[in-house]
Amino acid sequence: MKELYKQVKADAEALRFLVACEICGKKIYGEKIPLFCRGARTLARCKIGKANKLSQRAFNRAKANSTQLIALSFNQCRRCYRWVCDGCFDCTDPDGVCKTCSEKNDNTGEGGSPNG
């Protein structure tokens with residue numbers, strides 16, 4: 001979950017937190033950015049962790065809540081450890097891998113295990 005938290009970005013145009021799928025680029029939006037952080041200068045400071053205490057605390061809480069909300073629409077591949085959207089996750093593979101790893105597995109003719 002820590003890796004997904006690092007991928008959550010603050011979109012200044014939509015004023016929402018978002019994560020884009022690493023395979024297809026589909027954007028999943030989370031919560032709105034708090035009112036304390038919506039100014040251009042304040043938002044830039046919140047992103048790097050240099051805002052005042054009240055704004056930074058509100059930003060961090062909203063980002064953590066957004067990460068939990070976004071995690072419902074993402075799955076972590078057990079082979080390459082990327083976070084991918086539900087559409088790019090291969091539900092039929094018993095190993096729980098993304099479609100890219102599943103296709104690599106099919107092309108190489110390996111069994112179900114990552115070790116071969």
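**Sheet and helix packing in the predicted model**

Ala20 stands opposite Lys27 of strand 3. The structure is a predicted model, in which local features require pLDDT of at least 70 and side-chain atom pairs count only at pLDDT 80 or more, whereas totals for chains, interfaces and linings use all residues. Residues are numbered from 1 along each chain as its sequence is written, and side-chain values use heavy atoms, with hydrogens and water left out.

Strand 2 and strand 3 pair in the antiparallel sense over four bridges, two strands being taken as paired if DSSP finds at least two bridges between them. Helices (H or I, at least four residues) and strands (E, at least two) are DSSP runs numbered from the N terminus. The hairpin formed by strand 2 and strand 3 has six residues between the strands, and Gly25 in its turn has a positive phi of about 85°. Strand 2 (residues 16-20) is also joined to strand 1 by three bridges, again in an antiparallel arrangement. Within this pairing, Lys9 lies opposite Leu18 of strand 2. Four residues separate strand 1 from strand 2 in their hairpin, where Leu15 in the turn adopts a positive phi of about 55°.

Together, these strands make an open, antiparallel sheet of three strands in the order 1-2-3. Strand 1 (9-11) and strand 3 (27-32) are the edge strands, each pairing on one side only. On average, neighbouring strands of the sheet are turned by 40° against each other, direction ignored; axes are lines fitted to C-alpha atoms, for helices over the stretch in contact, and angles run from 0 to 180 degrees between N-to-C directions. Helix 3 (residues 53-71) packs on the sheet and touches strand 1, strand 2 and strand 3, with its direction at about 140° to that of strand 3. Contact here means heavy atoms within 4.5 Å.

The axes of helix 3 and helix 2 (residues 40-48) come within 10 Å and cross at roughly 65°. Helix 2 is therefore roughly perpendicular to helix 3, a class covering 65 to 115 degrees. The contact involves Thr42, Leu43, Arg45, Cys46 and Lys47 of helix 2 together with Ser55, Gln56 and Phe59 of helix 3.

The secondary structure of the chain comprises four helices and five strands, following the pattern α-β-β-β-α-α-β-β-α along the sequence. The radius of gyration is 17 Å, well over the 13 Å given by the globule rule for 116 residues, so the chain is more spread out than a compact globule. This radius is taken over C-alpha atoms, and the rule is 2.2 Å times the number of residues to the power 0.38.

Note on methods
Angles under 35 degrees count as roughly parallel, over 145 as roughly antiparallel, 65 to 115 as roughly perpendicular and the rest as oblique.
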